[in-house]
Every structure is written in structure tokens, then in C-alpha cells.
Amino acid sequence: MKKIMKVLSLLLVLVMMVSACSNGGSSDKATDDSQEVVKDNADDQDAKENLEPIKIGVIQPRSGALAVSGEDSYWGSQIAFDLINERGGIDGRMVEVVSADVPDATAAQNEVNRLIQNEGVKVITGIYGSSMAEVAGNISNRNDVLYWESISVTDRLTSKGYEGVFRIHINGSGFGQQAAEIAAKFSKDIGIAVEDIKVAIICVNNDFGQSVATGVEEFANESGMQIVLNELYDSKSTDTSPMVLQLKNADPDIVIATSYINDGIDLTKQSRILDFNPKLYIGIGSGYGLPAYAEALGDDANGMIDIDASQKPVYDTLDADLAEAVKEFEVRFEEERGYQPPVVGYLTFQAAWVLAYEVIAKAGGTEDYQAMIDAANAIDMQLGSLPTGAGVRFDENGQNERALLVAMQWQEGALETIYPESMATSEPIMIPRPNWSER
Amino acid sequence: MLLQLIISGILLGGIYALLSIGLSLQLGVSKFINFAYGDFVMIGMYSTYVVYLAFGLNPYLAWPLVILMGIVFGLIMFTVAKRAIGKSPINQILMTLGFAMILQNVVLLFFKSDFKSVPSDFNNSIKISEIFVSGNQLITFGLALVSTIGFLVFIKYSNTGRAMRAVGQNRNASKLMGINVPRVDMVVFILGTVMAMCSGALLMTMYPTYPTVGSGLSIIAWITVILGGVGHLQGALVAALIIGVSETLTGYYLGGDVRQLVYFVIFIIVLIVSPGGIFNKISFRKVKRL
């Protein structure tokens, strides 16, 4: 018996060692069958450079709680690179997508290191999840690998002065600023001068919420708006009635709220129950834009404004080739996922496109880190160049100054774009908001 | 304002009380440590959602079906759980943590991580003098009171209830006295599970559900039960009200980010002063049973 136990224990230890060594997520190759997978670029570099595939790392949470959006984000990048390969790749070289599943910050640590050390990627793009983005940015920077952020908005990513970290989407405080600008614009429409506006800021207590709050504060202070309430709250609260009571007490004209889905729904419900009627209610964050919001609230969702990147591309302002690619992307995305691309799909798609054609192509490949950085810094695309309506121009910290947000509004169960006019799909309704009792 | 906060807090406490009845039962009678309790509630929420999808019934009408589903689900869980009842607490903790992981991931597999919700007809605003409440909150509070009183009556006057009290007081003596202890365990487990699922159904009228909603609910249920005294049903009700009111008061006066901090602090203070919970004077020996 003792001998059997010893053998079993030894077997168990061996199995654990084997599984530990092979642990570390999957590695998907691009769907183009005609690629060659080459492990050792360095030796044959000069001779074979023209035929070598370009490895690009794609990190997304493809499992775990963020998996739904993570998968959507992943397919945005994958389809983009597939389309690029079908159009001849980057200067004739095919793109090889090396993907890694990164559901949390710990996995980010392990996987990004693996991509850099074992797979030899020189460019990594990601990710739906601010905590993972920060880790990825740190590690990439340490290893002279370009980090190309498509989605995450944490301010911290582009405030450390890392030369090789670029974010094509907006950052948290940018979100806050644009939201406040849009709020001021709508207030003007209902006859309130900017300096008479009383604004209440209420945000989730995490990096995203705090960055947005900072952005709104800055705009408010510059433009003369009065801030009557500026509160952070715990997004996991079961019940948001104390927050709504605080809001009621402060009596603001505009509320700018940053929430996740559960608290977003509850804040709106409690606003109804406690009869809280601001003239404008502007939501930021997934709390106000997901279909689940309208499902949970029914007609009560009507009139809620959500500020986010646009998910209805305006094809006319795009370059013809890109417009065609976007249409093809939408078809393939729907085949793959069963629904039309959400915002994150467009964000990763356009980020991949710019990365391939404006950075890697202009730098002649991914081997020269500095050349890629210089190419990125030289980009000057006007607003309207990308499907979400954004342009590209990076500041000294790698943050895109021309990222664009639009204002959307729930109207009869559909999220319509109401601002800017050039991208609007519908007229705004309920501005100012009617009292709950009058609905 | 203060009155509104207190009323909102009491109604919130009603929700918490309903949430914790099932756990109080399982803990008090069978001494079964169930760390998957919140996930049983989650299953109740998803069951309500499925009933809504299949028959279009709102949660208040779906109750009988949810109870049936709860009995079936409880029976299934019991076939595994019974091996740990009466045995080492560590086994129970590990087993129920395993349950929690399995339940969460099975639900994630079938329903994805999207938030699901069910529309409710009573989400209106009722104004009573200066106070605003919603229909849902009142109904839930009412049901919490009714269930607690119902249980107390059942436990005091029925034979099964008396058997449950006996098993709760002294398991071995009950066996010696001829009480069918395994059967009592089964009844208690299923009853606890059904209560969990019904509270899930009621929660669906107010909140959306998602696979990991259980962990937050577990914590609230546990704190309510321990604060009120393990096995003490009325204690759990009072503790729930205290937690509800402290949450709303601190949320308003101290800010939204410390509201949960305060009731954890209350929890720790009470445990230091009276380890058996609020309803036990400083007694380290016997905890008052049901």
C-alpha cells in the first residue's frame, strides 16, 4: 500500500509539473492558411525579411466575467488583421495574430511576459479592462515592446511618460471633459447659461470613475459651472437610495453619473421612486449603454443620455478602402458572434487598422522599436477618419487627442445618436427631462 | 430626510431579512455551513428569469413554480450535501465553496455573463405624506415579515418544527430520542434552499441578475445571521433592519463609498462584545436555538 501511494504521489507531482509548464493560455494563429510560422527570426533576418510574417500580440479577457466584451474586442482585432492579410498584408508581409487570454491583472503579468519572451512579439494590442491594461503597459515598456491600447480608459496608462505606449481611444478625464462639454451644449439649448448651471457629479469609486470625475471638474471650473455635489460611491451597493437622496438635496440642473450596469439601473429606479427630477441626466460607462439597461427599466429608460464612442459608423467621411473594410467587418462579426458589432468591436477594429497601416507599414516592420514610436507620433488623421468619428494625433504621453465621443439617448428601447449632428440618427427627446409624475 | 432614510433603510432591511431566513435555518438546525447560499439565491433569480421567458409570468406570479424548482434543486444538492452534514465543518466549507464555483460556471455557460432582468409592474412611486416608497419594496418587506412569523409559528407548534428545534439543540440526544435526524436534515436543507430561491425571485423584481451576484448576497446573508445570533430567527430580522438602516444613513451622511464599511464595523464590535450575536448576552457556551 505504501509503495502504491508513493508511486501515485510521484505521478501526481509529475502531472502537476506538466500542467504548470503548459499553463498560460492558448495561442491562435491567424486564419490565413498560407502563412509560415517561423520561431527564430534573428538568424535569418536579413535574407528572409521580406517573407517573414509580422507577429502582433492581441490580449483580451476571453474567459471570466469580462468574457463577453473581451470576445467582442478580440474579434474586432482578428477580423481587421484578416482583412489586412487579404489585401496583401503589410508591405507584402502577412500578419500573424498571437492571442492570449487575459482575464485579470495576474494573467496580464504572465501572458504579456510570455508573449514577449517566448513568442517574440514586438507589438501588443489590447484590452477590455483597465487594470490589465496598466500591467501590460508597464511590462511592454520595460521590454521595448510597443503597446497599442484600443479600449481601456484608465488615466494612469498614458500618464507615466512611457514612450512606447499609445492609446487611440479616449482617457478617463477626457471622457469627463467631453461629457461636461456636451452637457453645457444641451443646457444652452434649454436656455441655461453655462455659469448658471448647477452640476452634480456622481461616480463609481474606482480608477475609471475618479478619472471621469476629475475631467468633469476641470471643465466645470474652467467654464464657470457650479459643482453642487461631487461624490464617489461603491458600485457594489445593493441600494442607491442614499445617493439619490443626496442628489435631491443638492438640487442640481444636470447630473453626470458614471456607473456600471447594476448601480446605473438602480440609480434610475430610485430616481423614479424618490421623485428626483434633474433637467438633464447624463450617463457614462457601461451602466447606461448596455441593452440590459433598457430591458430592466422599460419605458423609464427613455430620455437617458449615454456618452460613449459611437457604434454607428458614418461611412461617408471614411477613406473608401476603409469604408469597404468596415462593411465587410460588420458582416463577418455578425457571422462570428451572432449580433452587430458593439462599440468595443469598432474600437479594436480601427485601432488594428491604424496600427498596421500607419505605424508598422511606415516603420518598415516591427523590428525597430524607435521607428514605430516615431511613426506613431507622426500620425495626423483628421476627425472623421475612423469609423467612430475619431481622428488620430497623439500627445507627448501617447494619448490620442482626437478621440471622439458622441451623445446617445434611449428612445423607445433603442439607443439613438443625438450629438454631434453630423452623426445623429435621431432628434433628441425629453430635453429638459419631464418630471416622473408627468411621464 | 432622516425619516425617509430610516424608512428606506427598514425596507432594505426587509430584503436582507428575507435573504437570510434560509441560511439561519440551515445553520441553526443542521449546523450546516453553507458558503454557496448566495449562489442558491442566484439560481432562484435565474429560475425566475427562465419562467418569465417560458411563460411570461412576472415574479410575483411565478412563485409556485419557483418553489417547485427549489424543491427539485434542493433535493439534488442534498444528495451530495448530506455526506457532510454532521461532519467536520471544514468539509462543509470546502464542499459548498465547490458548489458555488460549479453553480456560477454552469450558469455562465448557459446564460453568458450578460445581466438579465425581468420587468416588474410595481416599480412605481408611492408617496405617503413626505415619504416615497416603491410598491416592490413594500411587498418584499411584507413578505419578509410574513415568512418570518410563519416560520416561527411553524417551528413552535408543529411536530416537524419541534423536531427541528430538538436537532438544533442537541443532535445526538435527538437521535437517541428516536427523531429521524437525517429526515429532519433533508427537510431543513430543502426548506432553506426553497427560501433562498424565493428570495431570489423577489430580488428579481428590483435588480438584474448575473452569474456572480451570489458572492455579495452570501456576505450579507452571513453577516445578518451571525449578527442576529446563529439560529435565532427573530435576531436575524432585527439584525437585517439594523444593517439596512445603517447602510442608508451612512450612505447619505458619510458618503456612498463607506456605507458598507460601517456595518462591517458594527459587526466586529458586536462580535467582540457579544460573540453569540446581538440576542445573546455574553455567553460563550450555549447559543440560543430556534
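I'm working with a predicted model, where local features need pLDDT of at least 70, side-chain atom pairs count only at pLDDT 80 or more, and totals for chains, interfaces and linings use all residues. Residues are numbered from 1 along each chain as its sequence is written, with chains lettered from A and ligands numbered from 1 in the order in which they are written.

Helix H4(A). I took helices (H or I, at least four residues) and strands (E, at least two) as DSSP runs, numbered from the N terminus. H4 of chain A has 13 residues, 105-117, and should span 18 Å at 1.5 Å a residue, which agrees with its end C-alpha atoms being 18 Å apart. The expected span is 1.5 Å times one less than the number of residues.

Which residues of H4(A) are buried? I found A:Ala107, A:Ala108, A:Glu111, A:Val112 and A:Leu115. They cover an arc of only 115° around the axis, so they sit on the same side of H4(A); the arc is that of the directions from the helix axis to the C-beta atoms. Buried means 20 or more other C-beta atoms within 10 Å of a residue's own, exposed 12 or fewer, with C-beta atoms placed from the backbone. Exposed A:Thr106 and A:Gln117 are on the face turned away from the buried side.

Strand E10(A). On E10 (residues 305-308) of chain A, A:Ile305 and A:Ile307 point one way, A:Asp306 and A:Asp308 the other, and all are buried. I recalled that side chains in a regular strand alternate between the two faces of the sheet. E10(A) pairs (at least two DSSP bridges between strands) in the parallel sense with E9 (residues 280-284) of chain A over three bridges.
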